[in-house]
Amino acid sequence: FAQETWHAHTRLTIDLGLRWDRDTISQDNNFAPRLGFALLPFANERTVIRGGVGLFYDKIPINVGIFPQYQQRVVTTFAANGSTIVDGPRTFNHVLDAAGLRNPSSVAGTLQIDHEIQRLLLRFGFEERRTRRDFILDPPADGRLLLRNDGEARYREFQVTGRFRLQERRHLYLAYVHSRATGDLNAFNIYFGNIRNPVIRGNERSLQPFDAPNRLLFWGDIGLPKQITVSPVMDWHTGFPFSLVDENQNFVGARNRAGRYPNFFALDLQITKGLTPRVPNWGFIPAKFRGRKFPGRFGIKFFNLTNHWNPRDFQNNINAADFGSFYNSGRRGIRLKFEFVKF
């Protein structure tokens, strides 16, 4: 990796970089350039414009490289009684795309404007990332399960953040993010490594499972007397999309277009108090530690303080008796916390 910082002007700094990687699985030499800048457009230095763009390569996972060596898949289809065979057994070999393996790559760019008004810092930012050559799976067909190397994904976000300096080293933050995430849905790492016998259906390019168009975050630290610190964290965002399936796990309609989970809301709160105990003189402790202070903090942490209903699962099988039900919400939780600040 090589990098050069160029101070083109008292108000303009440019960073140039070039990274070289060699992947032993693909046998590729990957050169990834990067460019970044910081600009002070006005003399008062209260406004800063930052940006950058770069090419980034991912390594090829080992389980992708050995995909053809996986055990053959045997698929048998049974009738409704569970014993009568209506199709199969069919054997499918694991096959790599004839084009060979190439490293997935992403082009990412950001643009950010910071403006300070006394204790308030405002930030406006835009980010976009496009990925190509992702590893995706075709459903079993013609005696093979094909792993392709041509998947694509795209992510965009616009962000507005405010930071208010409440006290010395104590800040409150409020951020809003509007985003969109799309791409191929049959990503290799979804099916292999997490599911023992995955059911693989046709690939589609649609909303990603983590797509949340709107998100609002609030967090910070508030200092009170007697070394007490209150740290709230609030998270609200649009619910994630879901798909519908039938009793044979075939998708019904477009994937991740059937609806969304309810909007998510969680308020967490942490309250800590500083402690400064002294080590007692027990004799077997080395002299240099006797009487030394060991600062620490003790406190309590609340999760989902309002006990808001945030379901994590949805019955998407249209043939199920409880089809359309949301369930498995995280309940309010409480934990104690203790930490040493330094030894």
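Does phenylalanine 314 count as buried or partly exposed, and at what relative accessibility? At 11% relative accessibility, phenylalanine 314 counts as buried (under 20% relative accessible area; exposed is over 50%, partly exposed in between; 1.4 Å probe, protein chains only). The model is predicted: local features need pLDDT of at least 70, side-chain atom pairs count only at pLDDT 80 or more, and totals for chains, interfaces and linings use all residues. Residues are numbered from 1 along each chain as its sequence is written, and side-chain values use heavy atoms, with hydrogens and water left out.

The structure holds 12 aromatic pairs. Rings of Phe, Tyr and Trp (its six-membered ring) pair if their centres lie within 6.5 Å; planes under 30 degrees apart count as stacked, over 60 as edge-to-face and the rest as tilted. One of the pairs joins tyrosine 173 and tryptophan 219. This pair is stacked, at 4.9 Å centre to centre and 5° between the planes. It links distant parts of the chain, with tyrosine 173 in strand S10 (residues 170–184) and tryptophan 219 in strand S12, 46 residues apart. Strands (E, at least two residues) are DSSP runs, numbered from the N terminus. Tyrosine 173 is partly exposed, with a relative accessible area of 24%. Tryptophan 219 is also partly exposed, at 32%.

Phenylalanine 314 pairs with phenylalanine 326. Here the rings are tilted: 4.6 Å centre to centre, 35° between the planes. Distant parts of the chain are again linked, from phenylalanine 314 in strand S21 (residues 311–314) to phenylalanine 326 in strand S22 (residues 326–329), 12 residues apart. Phenylalanine 326 counts as partly exposed, at 26% relative accessibility. Elsewhere, Phe67, Tyr70, Phe188 and Phe192 form one aromatic cluster.

A nonpolar surface patch of about 500 Å² is made by Phe37, Leu111, Ile113, Phe124, Phe126 and Phe158. Patch residues have over 30% relative accessible area and no salt bridge; nonpolar side chains (Val, Leu, Ile, Met, Phe, Trp, Tyr) are joined within 5 Å, like charges within 9 Å. A salt bridge is a side-chain nitrogen of Lys or Arg within 4 Å of a carboxyl oxygen of Asp or Glu. Areas come from the Shrake-Rupley method with a 1.4 Å probe. Strands S7 (105–117) and S8 (120–137) each supply at least two residues of the patch. Phenylalanine 126 lies in strand S8 and is partly exposed, at 38%.

Alanine 212 is found in the loop between strand S11 (205–207) and strand S12 (214–220). It counts as buried, at 11% relative accessibility. Leaving aside neighbours within four places in sequence, alanine 212 is in contact (heavy atoms within 4.5 Å) with Ser179, His237, Thr238, Phe240 and Arg260.

Key
Helices (H or I, at least four residues) and strands (E, at least two) are DSSP runs, numbered from the N terminus.
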